[in-house]
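Hello,

Here is the structure I promised to pass on. Have a look at it, and then read my notes below.

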Amino acid sequence: MNKDKIVEFLLDALLAAVGSILVGLIFFGRGIFDSNRVGYQFLSFGIIGGVLFSSFRFLKLWIAAIIFVLFLVLNEAVLHLGNWDFIWQDVLYFVAMSSSIFFLAKYYMPRLAGTILSRLFAVSGMFAVGFTIVTIVFYFIFAANPNIPRFNLAQMIYYDLAQGFLLGFGIGAGIEGAEFVIKRTLRNAA
């Protein structure tokens, strides 16, 4: 990877994380720093999502896959220090986030390069859909087990749709910011 690609890698990773953290701070305040609260996803998924986006975009797929697995294990180890009861739920959210990031990096970035803010709404929508699919999967899994209390599917879809959209919006805003900086600095210098 040449020097310009390394700078792009770092800018995409850093600004995607910053965008997610800023959106998390706006909506959840300091709760994003507490791993027991839902706002923590804006910190963890923001940082991980930024690095995964850059990895999927600039590195070979097998290297990005190794980074994905390392982050999955690290994220779950930090979140579940000693309590591994519902780890599969977090893994499903992680896979939904990572899938959205993968499709953005591999398929949408090249196709939407000329349209301003298009990537922002593409990643926001993909996160919202991914989180909604995870919620529906939870509903059917929980409905199959009579020992688990029921939850309101419509309310959970609304909640996860909003959270997925906001998380994607933060990461997407960071990516758009990185692309703006890259266009203004690196590509004009050439």
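Let me start with the aromatic residues: Tyr93, Phe127, Phe131, Phe138 and Phe142 form one aromatic cluster, where rings of Phe, Tyr and Trp (its six-membered ring) pair if their centres lie within 6.5 Å. Before going on, please note that this is a predicted model, in which local features need pLDDT of at least 70, side-chain atom pairs count only at pLDDT 80 or more, and totals for chains, interfaces and linings use all residues. Residues are numbered from 1 along each chain as its sequence is written, and side-chain values use heavy atoms, leaving out hydrogens and water.

The whole structure has 14 aromatic pairs. One of them joins Phe56 and Phe102, edge-to-face at 5.2 Å centre to centre with 85° between the planes (planes under 30 degrees apart count as stacked, over 60 as edge-to-face and the rest as tilted). This pair links distant parts of the chain, with Phe56 in helix 2 and Phe102 in helix 4, 46 residues apart (helices are DSSP runs of H or I, at least four residues, numbered from the N terminus). Phe56 is buried at 6% relative accessibility, while Phe102 is partly exposed at 21%; buried means under 20% relative accessible area, exposed over 50%, and partly exposed in between (1.4 Å probe, protein chains only).

Phe94 is also worth a look: leaving aside residues up to four places away in sequence, Phe94 touches Phe45, Ile48, Leu52, Phe68, Phe71, Leu72 and Asn75 (contact means heavy atoms within 4.5 Å).

Finally, Val18 lies in helix 1 and is partly exposed, with a relative accessible area of 35%.

Best wishes

Key:
Helices (H or I, at least four residues) and strands (E, at least two) are DSSP runs, numbered from the N terminus.
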